[in-house]
Amino acid sequence: MLLVKSGFVIDPRSGTERKLDILADGGKIVRMEAGIEEASLEGAERENLHIVDAEGKIVAPGLVDVHVHFRDPGFTYKEDIFSGAEAAAKGGFTTVVLMANTKPAADCAEILSYVLDKGARTGLRVKSCGTITVGMQGKELTDMEGLKDAGAVGFTDDGAPLLDAETVRRAMEEAARLGVPLSFHEENPAFIENNGVNRGKASAYFGIGGSDRQAEIDMVKRDLELAECTGADISIQHISTKEAVELVREAKKINPHIHAEATPHHFTLTEEAVIAYGTLAKMNPPLREEADRQAVIRGLQDGTIDMIATDHAPHSAEEKGKPITEAPSGIIGLETSLSLGIRELVKAGYLTMGELVSRMSWQPAQFYRLDAGYLAAGGPADMVIFDREETWVADNFRSKSSNTPFAGMELPGVVYATICDGNIIYRKEG
């Protein structure tokens with residue numbers, strides 16, 4: 001048994017925010033109340049009891065990241081499922097949803113089973129999407145029903161935009177029939193000359209064409225229109241432009257099936273970071289302007305954007321050391337996500353801590369139909385224990401990669417323990 005004592009409990013599902021003890025057994029929470037004393041437990045329970053002192057700390061549901069790349073199979077020199085799970089646990093995550101753009105892609109039950117079987121050995125709840133199209137070629141739909149039966153929790157061709165509107169419409173109709181969500185990478189290559197860098201100040205600095213904001217706007221507009229008549233639950237991934245945020249805001253007024261996610265880097269940084277950090281701040285979609293960053297924050301405030309997801313995208317130092325037009329896009333994010341949310345959203349006064357926890361646990365879990373993101377008797381014993389005030393230096397990453405502009409920064413929000421299925425899968429050293 002596990003007893004978490006004297007923590008300030010935040011449960012976004014019920015709205016609970018007060019000091020409580022949490023008793024867990026067999027991977028489930030069995031009691032959640034004030035003043036659970038060891039003496040009140042039966043003898044056998046006391047003998048096997050492990051107590052975690054959470055005095056002065058926040059106890060929240062284990063965080064849920066619905067957009068991560070663990071690069072396994074195919075690119076395990078960047079990350080594998082085991083190292084990715086360690087990074088997630090250090091960041092306070094107990095559930096992750098893997099993207100399907102591995103090599104080979106997770107477009108069949110065989111690859112999906114490999115991923116899920118390996119994930120089951122991590123101590124973390126590792127879920128995975130399947131691809132929407134075979135080989136991520138944007139043409140033929142996968143056997144979505146077969147992939148769902150094999151364990152896929154949703155579908156996405158993340159990393160590659162779906163350019164054919166008829167394919168997208170058919171995917172939405174099938175997803176609605178199966179009751180599974182779709183997530184879309186919205187970048188039209190017709191508006192991109194060099195990806196990963198915003199067309200504007202940053203592209204001018206490097207003397208390249210860059211990625212125009214219209215690349216995102218164009219595809220978001222199309223997919224919101226398609227979703228209106230299909231009934232599919234869809235998410236606009238890693239939203240980056242003020243225009244796209246507004247399109248989602250308006251669409252949600254008439255369609256309850258519309259969702260969106262924001263990354264910590266898009267609510268924290270602008271294209272100025274690409275000038276300062278080079279390829280370490282190159283990503284798809286790119287960092288935009290301050291007005292876009294503010295629009296993403298407002299979207300998180302008013303619920304236009306439901307979810308915070310890291311788009312954890314590890315790359316080797318050698319790859320990121322290439323010139324700006326050759327280096328791959330993406331940064332790691334699992335170990336810094338909670339801290340950036342605290343610094344940029346809570347301490348800046350945009351969200352309450354409860355709202356931040358909700359967008360990092362309960363709401364993403366709801367979109368993917370996961371039993372996660374809440375604390376209640378009978379629910380999963382998945383928790384993160386952290387100190388919102390204490391600071392740490394972003395280094396010694398558990399990820400195999402360290403491609404992030406946040407490396408070396410002092411950040412608030414120290415994770416003391418991550419508990420998944422009643423087991424402590426990460427504990428702060430010292």
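How many helices and strands does the protein have? It has 15 helices and 16 strands; both are DSSP runs numbered from the N terminus, with at least four residues (H or I) for a helix and at least two (E) for a strand.

1. Basis of the model. This is a predicted model, in which local features need pLDDT of at least 70 and side-chain atom pairs count only at pLDDT 80 or more, while totals for chains, interfaces and linings use all residues. Residues are numbered from 1 along each chain as its sequence is written, and side-chain values use heavy atoms, with hydrogens and water left out.

2. Overall dimensions. Along the principal axes, the C-alpha atoms fill a box of roughly 70 × 45 × 45 Å.

3. Burial and surface. Of the 430 residues, 61% are buried. Buried means under 20% relative accessible area, exposed means over 50%, and partly exposed is in between (1.4 Å probe, protein chains only). The protein exposes about 15,700 Å², and carbon and sulfur atoms supply 47% of that area. Accessible areas come from the Shrake-Rupley method with a 1.4 Å probe; for residues, only the protein chains shown count as cover.

4. Contacts and charges. Among contacts between residues at least 6 apart in sequence, 75% join residues at least 24 apart; contact means heavy atoms within 4.5 Å. The protein has 45 positive and 67 negative charges, and their mean positions are 2 Å apart. Lys and Arg count as positive and Asp and Glu as negative, with His and the chain ends not counted. Each charge is placed at NZ of Lys, CZ of Arg, CG of Asp or CD of Glu.

5. Nonpolar cores. The largest nonpolar core has 69 residues, and those with the most contacts inside it are Val 96, Met 172, Leu 182, Ile 234, Met 353, Leu 356 and Phe 386. A second, separate core of 19 residues includes Val 197, Ile 208, Ala 281 and Phe 406. Such a core is a set of buried Ala, Val, Leu, Ile, Met, Phe, Trp, Tyr and Cys residues joined through side-chain atoms within 4.5 Å. In soluble globular proteins, nonpolar side chains tend to be buried together.

6. Helix H13. Which residues of H13 are buried? They are Ser 337, Leu 338, Ser 339, Leu 340, Gly 341, Ile 342, Glu 344, Leu 345 and Val 346. With 9 of its 10 residues buried, H13 (residues 337-346) is largely enclosed by the rest of the structure.

7. Arg 125. This residue lies in strand E8 (residues 125-128) and is partly exposed, with a relative accessible area of 23%. Residues up to four places away in sequence aside, Arg 125 touches Thr 94, Thr 95, Val 96, Pro 380, Asp 382, Cys 420 and Asp 421.

8. Ile 275 and Ala 202. Ile 275 lies in helix H10 and is partly exposed at 23% relative accessibility. Ala 202 lies in helix H6 (residues 201-206) and is buried at 0% relative accessibility. Not counting residues up to four places away in sequence, Ala 202 touches Val 197, Glu 271 and Ile 275. With neighbours within four places left aside, Ile 275 is in contact with Lys 201, Ala 202, Tyr 205 and Phe 206.

9. Backbone points to check. A cis peptide bond joins Asp 72 and Pro 73, with omega about 15 degrees; Pro 73 is in the loop between strand E6 (63-68) and helix H2 (81-90). Arg 71 is in the loop between E6 and H2, and has a positive phi of about 60 degrees although it is not a glycine. Arg 71 counts as buried at 11% relative accessibility. Another cis peptide bond joins Asn 284 and Pro 285, with omega about -10 degrees; Pro 285 lies in the loop between helix H10 (272-277) and helix H11 (290-302). Asp 311, also not a glycine, has a positive phi near 55 degrees. Asp 311 is in the loop between strand E13 (307-308) and helix H12 (317-320) and is buried, with a relative accessible area of 10%.
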